[in-house]
Structures are given as C-alpha cells and as structure tokens.
Amino acid sequence: MITAALRRLELDDVPVATPTGRLVGASGLLLESVGCALRTGQRCMIEAEGRDWMAAQVVGFRNEISYLMPFKKPEGLLTGARVLPAPERATQMIGTSWLGRIVNGLGEPIDGLGKLGGDHPLPTQPPKINPLRKQPVHEPLDVGVRAINSMLTLGRGQRVGLMAGSGVGKSVLLGLITRQTVADVVVVGLIGERGREVREFIDLSLGEAGLARAVVVVAPADESPLMRLMATELCHTIAAHYRDQGQHVLLLVDSLTRYAMAKREVALALGEPPATRGYPPSVFSVLPELVESAGNGEHPLGSMSAIYTVLAEGDDQQDPVVDTARAILDGHIVLSRALAERGHYPAIDIAQSISRCMALVATKPHLAAARQLKQLTARFEQVRDLLPLGAYVPGADPLTDRAVALFPRIEAFLHQGTHEAAPMDAVLRQLEELLA
C-alpha cells in the first residue's frame, strides 16, 4: 500500500506537458509573450532564427501579456516564436575562489580561467538588514588620498559619492583609491562605461597585486540595460557576502548614474511616465534600496565601505540623480572642472564636499585642523581674482593675509600624483606641520 502510494506521488511529479508561450510583439528591447503564465523576475528562453535560443527575463505583465527583456540584443526573433520557462538554475556558490576573477552580470566568468565555485550559496538579491542591527561606523578608512584623509575622512562602513561631470578625473581618482585603500577584499563594478576602460582599469588601476584581492563585475555600455542592472546588484551581493564573513570590504561602483539610466530604459519601455528630466519615479525608489544594502552589517568584525561615481551631466550639481545620491549617501566628494583645468589633481573641491561620518572617526585636533584649513581656503578664494590685478592690500584682515601666504603650500598639500601614496598617519603629521 505504502509503495503504491509513493509510486503515485512520483508519477504526479512527472510533467505531462511543457508550458509554452508564443512571442507576439517586439518593440526595441521589450518583447511580448502570451499563452504561458510567467512570474515577474522569472527567466525564460525564446526561440530564435537558426534553432538558437535567447535568454530573457520577465519584467512585467498586463492582462494576458507578459513583458520580457532579453539579456542580449534581440536579433533573429520571429513572430510566434516559442517562449519556454527556463529551468531553475542551481544556486551559485561563492568563496575565496572568486577573488582575482572577472564576471558578468549573471556571475559567469569572462576571464577564461574556468568555472567559479565556493562553500556558501550566493543570494539572488542583496540582503536587507534590520537598521538596529547594523554595526556603527567607528573606525577611520584609510583611502590613501591626501585630500580625503585630511579634509574628508571616511569611516569603515560609510557610503560616499564621487560627483563630477565627464572628463574631470572620477575614474582616475577611483583607481587611486582602489590601489591605496586598506581593505581585505575589493569588489569593483564597471557599469555602463566604455569597454576600453575595463582592461585599463584592471591592468593600470588594480594591477596584479590588486586583482588578487578583488572581484570585478563588468557590464559595459553595449550590454542590455537588464545586464547593467543585474551587474550592479551582483556587486552588492558579492560585497555583502565577504562582509558577513568578517572581512573589511571596499565596494567601488562606476557608475551609479549608469545604473539609474538602465533602470530608466526598463521603466520607459514598460510604459511608465517620465517625471524629472526623463527619469520615471521608480528610478528614485530603487536607488535608496540599492544603497541601503551597502554599509556595515550584523557581523561585529566585518565592514562594507562603498564609493559610487555619480555623473553630473553638464557639471550640474542639481542633476536629479546627483541630488538624490547626495541625499541618500553618507557624504559626497565633488570634483571641480575649474581645478582640473588648472592642472590640480585630484580635482577635489573641499568647500563643496563633505563626509558625514568624519566627526565619528576623527580626533578633535584633526577636526579643528581640517576646519581651519577649510577656512583659509575659503578666504583665499574671496580674494583670488584681486591678486593678479594688484588690488589686494595686505593688513586689513590677518586671517586673509595668512591664507594668501599659506595658499601655495595648501595647494601643494592637496595635490597628489596618480601613483603617490598618502597613508593616514603621514597625512595628519603633514596637516599639523602645515598649520603650525
């Protein structure tokens, strides 16, 4: 009796038919399927010309129609092509073997070094943590950049944005931070950038030693918006795994703006109305969700610091993505085109930049020195245009006189070569000597 019942249960589990849908529409990146119930987020396979199959994901539905978006450029599709639910993928495993590897948005290796594996399952989405259980930011993060370590000190677990227009040095500064930051693991997301920069960043910014402790996730500009979204979320999932294993993790995402643009493409394709400068409202709801998955977790020893580059289109600091990022991040570092045009690198405008965690990790003498240096810089900027004309008359204000006298040394202090190291202890000594 028991054996017969078990056999009946086994027979019930055998599918008697394969659910199949049909492709009835294709407009740009959005495909329409009918005839098969598909859930949002589910992956499926679409029959293409030449007995080939194309992978896609369900991004929405309306009535009987399921909306799909392919992972790659949709070519060779035919009206009425079969749409099949993809078999459930085996859970990806992650471990130390991922270090030194380069993957795409699906977690597939693209460096030709073989398969990836590990001892722990990799979640499909970045984990959410109860805010009351997150470890506080209480240690400084040494990023090896003199202007940041001295004036905009970051903490382990802080999330900060590098904000600037195009061609001002965001990627160069990101490479400098990558090489110099004290961290156990570095997770790099190259999202929506030029394909040429991928190899340059790996060879020049990371180098062989840097790559050995890094995981690089790549989704260049010619990838589909869906792949760019998945690659950005995968970065956060990987970084969260190493953080929860008790390691100090540095997450670098270049860039957050390309993630927002990819989300905009998907939302507009689904018919969502544009709101602020063409961005639908859903873009500004997913950005906080993404950023909140970064930062510290529950593990008392692990940390996850995140640095995002944010493109200010036309150098507009009121760009909607820039303004949103400034509100949800724990600080912002503004790169000035005027400083870059004067040959001052990194072109960090310390007057417009702020680290909201500096007061938590810096000593009182350090805070006082940084405040004094910022005051001197502001005073000099007030009279900068008068100096070439000979219109500035010393003696009226002692603080301004001191600012004018010290500014060449201040400018030299804030300047740094692309391969120059600036550890925290040495920077604080130099800051003290400068203001003595």
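Leaving aside neighbours within four places in sequence, Arg-39 is in contact (heavy atoms within 4.5 Å) with Val-58 and Glu-88. This is a predicted model, where local features need pLDDT of at least 70, side-chain atom pairs count only at pLDDT 80 or more, and totals for chains, interfaces and linings use all residues. Residues are numbered from 1 along each chain as its sequence is written, and side-chain values use heavy atoms, with hydrogens and water left out.

You can find Arg-39 in the loop between strand S2 (30-34) and strand S3 (43-48); strands are DSSP runs of E with at least two residues, helices are runs of H or I with at least four, and both are numbered from the N terminus. Arg-39 is partly exposed, at a relative accessible area of 49%; buried means under 20%, exposed over 50% and partly exposed in between, using a 1.4 Å probe and protein chains only.

Next come the strands. Two strands pair if DSSP finds at least two bridges between them.

| S1 (residues 21-27) and S6 (residues 82-85) | antiparallel | two | Arg-22 and Arg-82 |

Finally, look at Lys-170 in helix H3 (residues 170-180). Is Lys-170 buried or exposed? Lys-170 is buried and has no salt bridge, which would need a side-chain nitrogen of Lys or Arg within 4 Å of a carboxyl oxygen of Asp or Glu. The nearest side chain of opposite charge, Asp-254, is 6.3 Å away. A polar atom of the Lys-170 side chain does lie 3.1 Å from the backbone oxygen of Gly-165.

Methods:
Lys, Arg positive; Asp, Glu negative; His and termini not counted. Polar contact = N/O pair within 3.5 Å; in protein donor to acceptor, adjacent residues only side chain to side chain.
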